[in-house]
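Please walk through the following two-chain model with the sequence and coordinates open.

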Amino acid sequence: MTCQGPRPWCLAAALLAAGGISLAAQPASTDDIEPSSADHSLDLDLGLQLRAFSKSGLDGQSRTQGSVSAQLEYYRAWNEDRSSLTFTPFVRVDGEDDERTHFDVRELFWSRVGPDWDLHLGAKQVFWGVTEFKHLVDVINQTDLVENIDGEDKLGQPMAHLSVVRDWGILDFYLLTGFRERTFPGSDGRLRPPLPVDDDARYESGAGRWRVDGAVRWQRQLGRLTLGIHHFSGTSRAPVLIPETGPAGQAVLRPFYPVIDQTGLDAQAIVGDWAWKLEAVSSSGYEGRYSAFNAGFERSLVGVLGGRGDLGLVVEYMFDDRDERAFDTLFEHDLALGTRWQMNDVADTQALIGVIWDVKTDEYVVKLEGSRRLGDTWTLLVEGRIFGGSERPMPGVPPSTDPNNRAWPLERDDFLQLELTRYF
Amino acid sequence: MSRPIIVCLVILILLPWGLRSAAAVDLRLDGLTAEQSGRAIFEAADQLEDGYADMQVDLEMILRGRGGSEVHRQLRIKQLEVPEDGDKLLVVFDTPKPIKGTALLSVTHKRAPDDQWLYLPAMKRVKKIASQNKSGPFLSSEFAYEDLTVQEIEKFSYRFLGQGQANGIDCFVVERTPRDDFSGYSRQQVWIDQDELRVLRIEYFDRRDSLLKTLTIDQYARYEDQFWKAGRMYMTNHQTDRSTELFWRNYRFRTGLMDERDFSTNSLLRVR
């Protein structure tokens with residue numbers, strides 16, 4: 001077999017071969033392996049991903065999509081673990097979509113830990129928030145949208161981050177620069193807007209991607225309540241996509257990144273088996289100030305599946321007072337229902353089925369996720385989406401401006417995805 | 001693997017602490033009722049645990065199924081003594097590799113529900129979690145969360161049954177009945193050695209009062225001239241024929257762990 005160029009199938013073959021070899025060489029017992037003191041570590045995971053779509057794309061894109069990915073994590077600590085360096089590069093090579101073939105430094109940062117403070121310098125990932133179906137307050141990192149439309153994959157963001165721990169809570173200060181533009185699928189990719197998104201983004205700030213953004217967040221535990229309040233001032237991570245004519249005369253969407261001031265709140269109260277959750281923001285926005293919230297609960301039921309399994313019920317309502325003018329979300333008045341099963345078996349089998357339903361327009365998304373380990377070093381992840389409920393667009397009306405079928409372009413993109421990952 | 005892991009870990013870690021040296025404890029059972037004697041034995045054992053400041057230990061968990069299948073998990077544990085409230089616990093998973101870096105922070109409280117946070121490294125997300133149903137399996141093992149959690153004196157009522165032997169060692173045998181309606185047990189029978197007040201054996205009876213599980217604890221060693229810590233725990237489920245073995249290794253005491261630095265949610269974000 002010869003491999004020419006970075007074809008995913010060649011990488012896939014190499015991955016499977018490597019997995020087979022290392023499986024064969026696996027020691028029969030791990031009794032003699034002691035946990036490391038974690039002064040330094042090097043981990044690698046390799047993934048093979050296959051997607052099958054229910055229909056070909058609007059522009060005839062392929063019904064199948066295969067890709068391979070690799071993520072390395074190098075960590076080194078010194079000075080009694082008070083100083084450390086973390087480096088996490090990631091790469092995906094996609095067989096169909098050139099824009100989805102991409103490299104990113106997920107993390108490359110130096111840390112110094114004091115008695116009651118942490119200082120981090122470099123590219124890093126930061127998550128804020130409590131809800132499950134939408135992450136309103138999570139504004140520090142840009143979304144790596146080509147990875148997954150759920151928005152949970154993020155690009156590394158260069159920053160200086162100081163965190164102080166006090167009796168009255170944890171206070172985080174961020175200085176951010178080196179803005180990362182959102183990734184979008186290319187013309188051969190799936191799960192994309194009907195028009196291609198141009199690479200040449202525009203910024204409201206004259207400093208462009210080198211504007212220095214700032215954020216501060218305070219979080220505190222008050223009895224059963226966990227509270228976070230933040231303010232972010234900087235270039236919006238969500239772009240406005242403006243229809244334009246491209247250089248070759250074709251219609252394109254050009255990303256425009258406005259400067260925003262956003263204040264937000266995230267709160268969670270745990271009472272028995274119930275977790276009540278709220279995320280809310282008020283943002284200066286693109287065309288005037290707006291507010292949005294996501295509120296709901298998660299209820300845990302234990303021992304419902306043959307005595308060993310757990311069942312979680314998640315209900316969230318998502319609201320955005322811009323209604324259909326909300327350019328950065330499809331969820332402006334939507335109800336989300338989800339169930340999460342956890343088998344509590346040795347393979348950590350779990351599954352999540354969710355429905356997000358627009359109570360005004362009846363558009364819906366069905367979301368399916370399942371995972372389990374295969375032995376000690378492999379995992380299998382199954383993911384799927386079904387989009388429906390949109391009306392067919394009126395002739396001559398772009399779907400993005402018709403409130404009843406904003407999700408219509410996605411209705412050909414129902415998919416099922418299998419991902420096999422080998423951990424080294 | 002989120003909730004089970006978290007709650008259970010906390011419990012696992014705190015279990016061996018229930019057992020301390022009798023040397024410093026004046027235990028007198030004369031003139032006490034069976035109920036008072038049972039409680040006095042546990043109170044004496046409880047006192048022996050005070051003053052450890054902080055501890056670190058490595059844990060290997062071996063799950064054995066009916067068909068002879070074996071699954072190994074490696075964990076690292078840090079624990080901080082909080083005299084005026086419950087202790088704090090940080091548990092980090094090293095293997096299996098797909099869950100490496102997952103971590104659990106548990107802040108126990110004497111009089112309020114415990115706080116627990118789970119760190120999910122893939123999303124860099126710290127998630128506060130609801131208290132697990134205490135009778136559920138911990139990390140798909142034969143240990144329930146409640147087997148591993150802090151065994152506060154007030155959570156049971158006691159009855160001294162008499163003398164007996166476990167592992168050839170003379171023991172007090174005490175029956176304790178969970179006061180919590182959500183416990184999976186009707187009662188437990190506990191063997192505590194008479195010299196050092198270490199728990200050597202526990203039999204668990206299910207809600208129908210039939211024998212469910214037996215826990216044996218051995219390979220005790222004494223640290224800092226004071227703390228008896230178990231090296232091995234073996235739990236057999238008589239109703240499923242499955243078993244879980246825990247090996248506790250590399251105990252370290254008074255290592256200089258600090259509350260804000262090592263046991264805040266920030267410390268979860270730093271776990272490697």
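Two strands pair if DSSP finds at least two bridges between them. Helices (H or I, at least four residues) and strands (E, at least two) are themselves DSSP runs, numbered from the N terminus. The model is a predicted one, in which local features need pLDDT of at least 70 and side-chain atom pairs count only at pLDDT 80 or more, while totals for chains, interfaces and linings use all residues. Residues are numbered from 1 along each chain as its sequence is written, and chains are lettered from A and ligands numbered from 1 in the order in which they are written.

Chain A has 1 helix and 21 strands. Strand E8 of chain A is joined to strand E12 (residues 251-257) of chain A by 2 bridges, and the two run parallel. A:Tyr203 stands opposite A:Tyr257 in E12(A). These strands belong to an open sheet of 3 strands in chain A, with the order E8-E12-E11 and mixed pairing. Its edge strands, each pairing on one side only, are E8 (202-203) and E11 (240-245) of chain A.

Further along chain A, strand E16 (residues 310-320) and strand E17 (residues 333-342) are antiparallel and joined by 10 bridges. Here A:Leu311 stands opposite A:Trp341 in E17(A). E17(A) also pairs with strand E18 (residues 350-358) of chain A, in the antiparallel sense over 9 bridges; A:Gly338 stands opposite A:Gly354 in E18(A).

How much of chain A is buried? A residue is buried if 20 or more other C-beta atoms lie within 10 Å of its own, exposed if 12 or fewer, and partly exposed in between, with C-beta atoms placed from the backbone. By that count, 38% of the 424 residues in chain A are buried. Two residues are in contact if their C-beta atoms, placed from the backbone, lie within 7 Å. Among contacts in chain A between residues at least 6 apart in sequence, 54% join residues at least 24 apart.

Chain B comes to 5 helices and 15 strands. Of its 272 residues, 51% count as buried. For chain B, residues 24 or more positions apart account for 52% of the contacts with a separation of 6 or more.

Helix H2 (residues 34-47) of chain B has 14 residues, which at 1.5 Å a residue should span 20 Å; the end C-alpha atoms are 20 Å apart, which agrees. The expected span is 1.5 Å times one less than the number of residues. The buried residues of H2(B) include B:Ile41, B:Phe42 and B:Ala45. The buried residues of this helix pack against strands E7 (156-166), E8 (169-178) and E9 (185-193) of chain B.

A nonpolar core is a set of buried Ala, Val, Leu, Ile, Met, Phe, Trp, Tyr and Cys residues joined through C-beta atoms within 7 Å. The largest has 63 residues, and those with the most contacts inside it are B:Val91, B:Ala103, B:Leu105, B:Val174 and B:Ile192. Strand E3 (residues 88-95) of chain B gives the largest share of this core, 5 residues. A second, separate core of 19 residues includes A:Ile149, A:Leu253, A:Ile356 and A:Trp408.

Finally, the two chains meet through 39 residues from chain A and 35 residues from chain B. On the side of chain A that touches chain B, the elements giving two or more residues are strands E1 (40-53), E6 (157-166), E13 (259-271), E14 (274-283) and E15 (290-302) of chain A.
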